[in-house]
Every structure is written in structure tokens, then in C-alpha cells.
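This report covers aromatic contacts, strand pairing and one backbone feature. The sequence and the structure are shown first.

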Amino acid sequence: MPEIKPRSTVGPLSIRLAEPADFDRIWEIFSRVIQTGETYAYAPSATKEQARDAWMGHGLRTYVALAGDRIEGTYILKPNQPGLGSHVANAAFMVDPLAAGNGIGTQMGRHALTEAKTLGYHAMQFNFVISTNERAVTLWKRLGFSIIGTAPKAYRHRQLGFVDTYIMHRFLD
């Protein structure tokens, strides 16, 4: 297989709710991201159907970030907990590794914060941010999140072994 070089620019982005027809491209991104075993707890061997359930299943709002007509990133938004904890949002984000470094994560993060507030959430919390995922930790801190807890050695990193995970939180006011 020929080497695929990262794109240095992706152009202006638009973000919208995902449609069922978007899933094949979401799957491409999802599978590339989880294959590294460095940033998500999903098994690198997860199937397309498992990914569909995790990313487009019941109770999720799924979004896509497009450069032109090409999906370069995706995120999900949902309640962090049911019932009495449903006023706190939770989200997860994936950017095509070939488009990383173009500000897509930042734009999706800002969009998610606005969407969450519009939907009536009071705060957003990430329950499992891999401590060694410096790009994500830096982004969330820049967008106003604080580390409110650490789970020691909670993630089995493919290269580094057991590493800590963070709980990150911010209010939406």
C-alpha cells in the first residue's frame, strides 16, 4: 500500500448533524484513530457495526466537520449521565489523522460547547482523556476545561503501557 501523506490544509470548515449516508466516511476516520491504540479505549479490532453503535447509536447527536464536501472530523454529544446527571454534557471527537493540525478539533470543540449550551446543558465533562494525548489535553485546557480528577494507570496504551486518564470539566456559562 502506498504511503499516504497528511494534508497540510483542509480549507474552511462547516459543521452539521451527521446523516446516515455519512457513516462510511466516519468509519474511515474512526478506524484510523482507534488503530493506533493511543487515544481511545475502543479496541483496535472494533468492527464497523460496533463503531456505528458507539458513534451513531440511540441517544447520540453526531456531527461532522466538512472541508468542502469532504468529512475531516466528527464528534458526538450526549448526556454524561442519565436522569439527575443529564444536565452535564459529554462529547467525543475524532479528526482524520491525515488532516490533524489544521484546527479541526478546535473548531469542533467550540461548536460542541455552543451546541451543548443551546441544548440546555449546564456543563461538559470528559470522563476518560488519555494523559499522554497532549494534543487533546492542551486543546481542552485552551477551551476552558480543568482536570478535576486522575485515574491512575486506567488506560492500556499500545506503546507506553499503563498510563493515567483525566476527568476534565467546564461550566457552559
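## Strands and the model

Helices (H or I, at least four residues) and strands (E, at least two) are DSSP runs, numbered from the N terminus. The model discussed here is predicted.

Strand β6 (residues 146-157) contains Lys 153. This residue is not a glycine, yet Lys 153 has a positive phi of about 50°. Most residues other than glycine have a negative phi.

Lys 153 counts as exposed because its relative accessibility is 59%, and the exposed class begins over 50%.

## Aromatic pairs

Across the whole structure, a search finds 13 aromatic pairs. One of them joins Tyr 40 and Trp 55: the ring centres are 6.5 Å apart and the planes stand at 75°, so the pair is edge-to-face. Tyr 40 sits in the loop between α1 (23-35) and α2 (48-56), while Trp 55 belongs to helix α2; the pair links distant parts of the chain, 15 residues apart. Tyr 40 and Trp 55 are both buried.

Phe 93 and Phe 126 also pair edge-to-face, because their planes are at 90°, with ring centres 6.1 Å apart. Phe 93 is in strand β4 (residues 88-95) and Phe 126 is in strand β5 (residues 123-130), so this pair ties together parts that are 33 residues apart in sequence. Both Phe 93 and Phe 126 are buried. These two residues also belong to one aromatic cluster, formed by Tyr 63, Tyr 75, Phe 93, Phe 126, Trp 140 and Phe 145.

How many of the eight residues of β5 are buried? Six are, and the strand is mostly covered.

On the β4 side, β5 pairs in the parallel sense, over two bridges. Here Ala 123 in β5 stands opposite Val 88. Between β4 and β5 the chain passes through helix α3 (residues 104-118), and this β-α-β crossover is right-handed. The β4 and β5 strands that this crossover connects are also the ones tied by the pair of Phe 93 and Phe 126.

β5 pairs with strand β7 (residues 161-171) as well; the two run antiparallel and are joined by six bridges. Within β7, Tyr 166 is the bridge partner of Val 129.

Note on methods
Residues are numbered from 1 along each chain as its sequence is written. This is a predicted model: local features need pLDDT of at least 70, side-chain atom pairs count only at pLDDT 80 or more; totals for chains, interfaces and linings use all residues. Side-chain values use heavy atoms; hydrogens and water are left out. Rings of Phe, Tyr and Trp (its six-membered ring) pair if their centres lie within 6.5 Å; planes under 30 degrees apart count as stacked, over 60 as edge-to-face and the rest as tilted. Buried means under 20% relative accessible area, exposed over 50%, partly exposed in between (1.4 Å probe, protein chains only). Two strands pair if DSSP finds at least two bridges between them. A crossover is right-handed if, with the strands pointing away from the viewer, the path from the first strand over the helix to the second runs clockwise.
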